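Please look over the sequence and the structure shown here before reading on. The paragraphs below are meant to be read with both in view.

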Amino acid sequence: MITMHYFRKTLFVILLITGGFILRGQNKSPEIKFVDYYFENGSPLNWKIVNDTLVISLLPDYQRETLNRQTDHWYFKIITNKGTRIKLTIEKMVPDVYNGKPATDWWNYRTGIPCYVSYDNKNWKALKTSTLPGRELYLELIPEADEIYLARLPVYTTADLKSLLDRTKGRKGIEVIDIGKTVEKRPLEIIRLGDPSAKFQIVIRARAHPWEPGGNWVVEGLIDEFIREYGKNAMNNFCFSILPMANKDGVVRGMTRFNVAGMDLNRAWDKAPDSLLCPENYVFVNYITSLIIKGTPPVLVIDLHNDDKGDVHLTNRDRNDIQYKQNMERFEKLMRQHTSFSESFRYIWNDNGQPVVWTINNGLYNRYGLESFVYELNANWISGLGRIPSAEEWKDTGKGLLHVLLDYY
Ligand SMILES: [Zn+2]
């Protein structure tokens, strides 16, 4: 009798539990119909629904030979029913690896990682995420439409670039020059603004790393401002050569850092780039050396990036070069004056005992004696404005940057 009693009681409890689960599942279903990332710049990912939460797991891309890896980009569309609350976590499938060591921090906890949402795939609004103890990012949202796009940063694809090129086509003082092709044979173009024989040649590169569209928005703003200012006397002495999307293959494929051959376009600048593995750098260096050969070497090369700090990274230099220091201080002051820049100029002295990191600026200075720096736009926070960045604010930075350059030279 006791056994039977126990059996019935246990069965009752089991039914209660499973019934509860089924009910809970029905009541709290996140109503996700599909997750779509099959479009340009869509991020490779896995997704699943665990209880009431959509779990997004992002795939890294790898560096050739070192097998370093990085995962920072996401961009996908959720198809659901509008008005339903969606709980969402975003995680890296595996931790990043830098210099052969797995990263301990998956995301930057200090400023928080925003997630951008859009209903038209064009206008992006930032939402705050929180970081769970398991290192996933967590987000809750109630979509206002049946389809909602989510992205790491305001998206900028080759379609945006095409509309920029169309906008500039045929304009006075603007020329688009084909300089070669990516690994996957996509065209690489330089947008040249101003007189090619002008005294001050300035070269700008954006999007060496696909997850970092901030530079694209800066370039848009700078070009718009150039068009507005063109014809004024101050502009006559300037020529800007802009490579707006260096890592086009990576952008198209929704990658984070490397090109499709696993090359980092902002490393290994101490030597000539490999024309097959790294044609994006190979043709860019050819363009720069052609300026040198023509007797119009660039006075400055700026490489635009995003990171979670937002500093300007200067070149390894001699600590006693007082003139250099004064110049950079003047440049920094103008940046603060004309743009929302409020972070720091980071000097790196040759005698600091650290090995040189062969980023583009160090390579161009050492191989050709060119002045250059890497400008990292903070991807999470514009401290000068006290806001999460937007495409418009980065365009304003580009506008301001033009005036910094006009004033500086
Ligand atoms: Zn970068």
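The model is a predicted one. Its chain has 409 residues, of which 40% count as buried. Along the principal axes, the C-alpha trace spans about 100 × 50 × 40 Å. Eight helices and 22 strands are found in the chain. Among contacts with a separation of 6 or more, 75% come from residues 24 or more positions apart.

The chain is divided into two parts, with domain 1 covering 34-151 and domain 2 covering 158-408. Between the C-alpha centres of domain 1 and domain 2 the distance is 28 Å. Where they touch, 22 residues of domain 1 are in contact with 19 residues of domain 2. On the domain 1 side of this contact there are eight nonpolar, 10 polar and four charged residues.

We turn now to the sheets. One of them is an open sheet of five strands, in the order E1-E6-E14-E10-E11, and its pairing is antiparallel. The edges are taken by strand E1 (34-36) and strand E11 (125-128). Each of these has a single partner strand, so one side of each is left without a neighbour in the sheet. From one strand to the next, the twist averages 30°.

Another open sheet has eight strands, and reading across it gives the order E15-E16-E18-E17-E19-E22-E20-E21. The pairing here is mixed. Which strands stand at the edges of this sheet? They are strand E15 (174-181) and strand E21 (345-349). Both have a single partner strand, so each is left with one side that has no neighbour in the sheet. The twist in this sheet averages 20° from one strand to the next. Strand E17 (residues 200-206) and strand E19 (residues 300-307) show a parallel pairing, which runs over five bridges.

Among the helices, H3 covers residues 214-229. Helix H3 has 16 residues and reaches 23 Å from its first C-alpha to its last, close to the 22 Å expected at 1.5 Å a residue. Which residues of H3 are buried? They are Gly214, Gly215, Asn216, Trp217, Val218, Val219, Glu220, Gly221, Leu222, Ile223 and Phe226. After H3 comes Gly231, whose phi is positive, near 105°.

The last stop is Leu132, which has its place in the loop between strand E12 (130-131) and strand E13 (137-141). Is Leu132 buried or exposed? Leu132 has 11 other C-beta atoms within 10 Å, and a residue counts as exposed at 12 or fewer, so Leu132 is exposed. Leaving aside neighbours within four places in sequence, Leu132 is in contact with Thr89 and Tyr138. Lys33 lies 99 residues from Leu132 in sequence, and the two are 25 Å apart in space, C-alpha to C-alpha.

Conventions
Residues numbered from 1 in each chain as written. Predicted model: local features only at pLDDT ≥ 70, side-chain atom pairs only at ≥ 80, totals over all residues. Helix = DSSP H or I, 4+ residues; strand = E, 2+ residues; numbered from the N terminus. Expected span 1.5 Å × (residues − 1). Buried ≥ 20, exposed ≤ 12 C-beta atoms within 10 Å, placed from the backbone. Pairing = 2+ DSSP bridges. Axes fitted to C-alpha atoms, helices over the stretch in contact; angles between N-to-C directions. Contact = placed C-beta atoms within 7 Å. Domains from an automatic or database assignment. Nonpolar A, V, L, I, M, F, W, Y, C, P; charged D, E, K, R; others polar.
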